[in-house]
Amino acid sequence: MNENVIEIKNLYVKLRDMVVLEDINLSVKRNDFLGIIGPNGGGKTTLLKTMLGIIKPYKGDIKIMGETPEKGREYIGYVPQYVFFDLKFPITVWEVVLTGRLNRTKYFKNYSKEDKEISEAALKQVEMEKYKNKKIGELSGGERQRVFVARALVSHPQILLLDEPMANVDSPREKEFYELLKKLKEQEKMTIILVSHDIGIISAYVDKIACINRKLYFHDSKEIKMDELMAVYGCPVDMIAHGIPHRVLKEHD
Amino acid sequence: MIESLQFEFFRNGLIGGVLASIACGIIGSYVVSKRIVFISGGISHACFGGIGIGYFLGFNPLFGALLFGVFSSFLMGEASLKAKEKEDTIIGVLWAVGMSLGIIFISLSKTYAPDLFSYLFGSILTITESDIKLMIFLDFFIFISVILFYKEFLAICFDEEFSRVRGLNVGFFYLFLLFLVALTTVLLLRVVGVILVIALLTIPSAIISQFFHSLKKIMLFSVLLGIFLMIAGLFLSYFLNLPSGATIVLLSSFCYLISLLLKR
């Protein structure tokens, strides 16, 4: 069970002729919980989108479950960043979750009984079944994230990619959300990759941390070296790394 | 009121208005909720180029409009998919190019264009039997398309990127949606004209979407409201002896204002 579900080798990504990711090497093992931190504009979202095949690499190799991103992404459940949504859009929680069941084989067909059962189950799993008929814009930030996790779950992914999931979640809900992710990792044996610009947010739940700011620093562990953090954030960062389970990294002013 | 219905042109006008409202309510709901009002305005104005060419070459201007609408919806859609940062500019330019081509071709054509004004501002009372047949066909096509791809359109309008990750042809569906906008524009042309199309495409759905949060309901009630506004506007213009298209649009805008005040 130690195989690599994601393998990235010497990856370079250019956006409008600017190198945004440089010589990225990363392997993620099955059932890992990886946190990727880095400043805004450091290339976190670009890295996720490259894994999803939305952005093409300039150089280098990227394999998802041994396949190209375009093929491998069917194993990925994607929870995009909150800012991309139009909260006025007329769509209910239920309809949002069902869209996770879509793919090309569903053209010209209605959602099947199986689609509906799986979507019900996913809503239960994230404890949002009560909100089924609410408009997505009426939910709080934390509730909405749960719905997007449910939408990602209905395709039965092996890997869950979350882009800044805590951006609009108030702190008491944060812990509950991490508990949900922990449950998915432990019970569903999922591999989870979570991206955030906020160092403090990567709590005791992740087992591995990578830092990214154009380059990626990763040691296949929860350890970050001080000089690397400084390289990534460009300022001194203090780490308090004792006292498991609440291992927190804090940022200086 | 009853005696006005005895005139064939009035009956055709009413039927045309109802047919236009159906497409309007359905496609307008996408236009409003996906916020593609500007691109839809661009498509409808670009249609004027086709109307000019129709005059110049002597075929039905509506077919010219259809051609230009489809072509410009494709160009604008590609711009929006592939050159997001230039999207606004490209739409604006195509908008103006379409209008200018229309004017040039009309001035070049030897024949006098008496109903030019009606293509700009519409004239619901000049709708002919053959217009109505074309409208029925377009309505039917739009209705079937939306039923077939309802869930895909919904997914793509709500979250393009997630849909792409799920493997859907986002580009195709987006262009197809704009194609339906172009068809709806042609449907509306005879009723309100290129300049006022955007009003009827957006106002009924904009009013309704404040009160409902399911796209299906918004579509249904936008169609009903559109039919009501169309009929009420037509009678109003008949009794006040005012241009029909502009009266319908002003009545609709007035209702929109009321709905905004109600919602506050």
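Arg101(A) sits in the loop between α3 and α4 (113-125) of chain A, where helices (H or I, at least four residues) and strands (E, at least two) are DSSP runs numbered from the N terminus. The model is a predicted one, in which local features need pLDDT of at least 70, side-chain atom pairs count only at pLDDT 80 or more, and totals for chains, interfaces and linings use all residues. Residues are numbered from 1 along each chain as its sequence is written, chains are lettered from A and ligands numbered from 1 in the order in which they are written, and side-chain values use heavy atoms, with hydrogens and water left out.

Is Arg101(A) buried or exposed? Arg101(A) has a relative accessible area of 12% and is therefore buried; buried means under 20% relative accessible area, exposed over 50%, and partly exposed in between, with a 1.4 Å probe and protein chains only. The side chain of Arg101(A) makes a polar contact of 2.8 Å with the side chain of Asp115(A). A polar contact is a pair of N or O atoms within 3.5 Å; within protein, one must be able to donate a hydrogen and the other to accept it, and residues adjacent in sequence count only if both atoms are side-chain atoms. A polar atom of the Arg101(A) side chain also lies 2.7 Å from the backbone oxygen of Val154(A). Beyond its neighbours within four places in sequence, Arg101(A) has contacts (heavy atoms within 4.5 Å) that include Ile118(A), His156(A) and, from chain B, Arg166(B).

I turn to chain B. Glu152(B) belongs to helix α8 of that chain and is buried, at a relative accessible area of 0%. Leaving aside neighbours within four places in sequence, Glu152(B) is in contact with Leu102(A), Lys106(A) and Tyr107(A), and with Leu168(B) and Phe173(B). Lys106(A) is also among the contacts of Arg101(A).

Leu178(B) lies in helix α10 (residues 170-192) of chain B and is buried at 0% relative accessibility. Which residues does Leu178(B) contact, apart from neighbours within four places in sequence? They are Ile36(B), Ile39(B), Ile43(B), Ser73(B) and Gly77(B). Ser73(B) is 105 residues away from Leu178(B) in sequence, yet their C-alpha atoms are 5.6 Å apart.

The largest pocket holds about 1,300 Å³ of space. On a 1 Å grid over the protein atoms alone, a pocket is an open set of points where a 1.4 Å probe fits, with protein on both sides within 12 Å along at least five of seven lines, and lining residues have an atom within 4 Å of a point. Its lining numbers 39 residues, and Ser80(B), Lys84(B), Glu160(B), Glu161(B) and Arg164(B) are the closest to the centre. Elements giving two or more residues to that lining include β2 (18-29) of chain A and α9 (160-165) of chain B.

The second largest pocket has about 640 Å³ of space. Of its 24 lining residues, Val146(B), Ile147(B), Tyr150(B), Lys151(B) and Lys216(B) lie nearest the centre. Helix α8 of chain B, where Glu152(B) is placed, is one of the elements supplying at least two residues of this lining.

Finally, chain A as a whole. Chain A contains seven helices and 11 strands, and 51% of its 253 residues are buried. Among its contacts between residues at least 6 apart in sequence, 66% join residues at least 24 apart.

Technical notes: Points joined across faces, edges and corners; volume = space filled by probe spheres on them.
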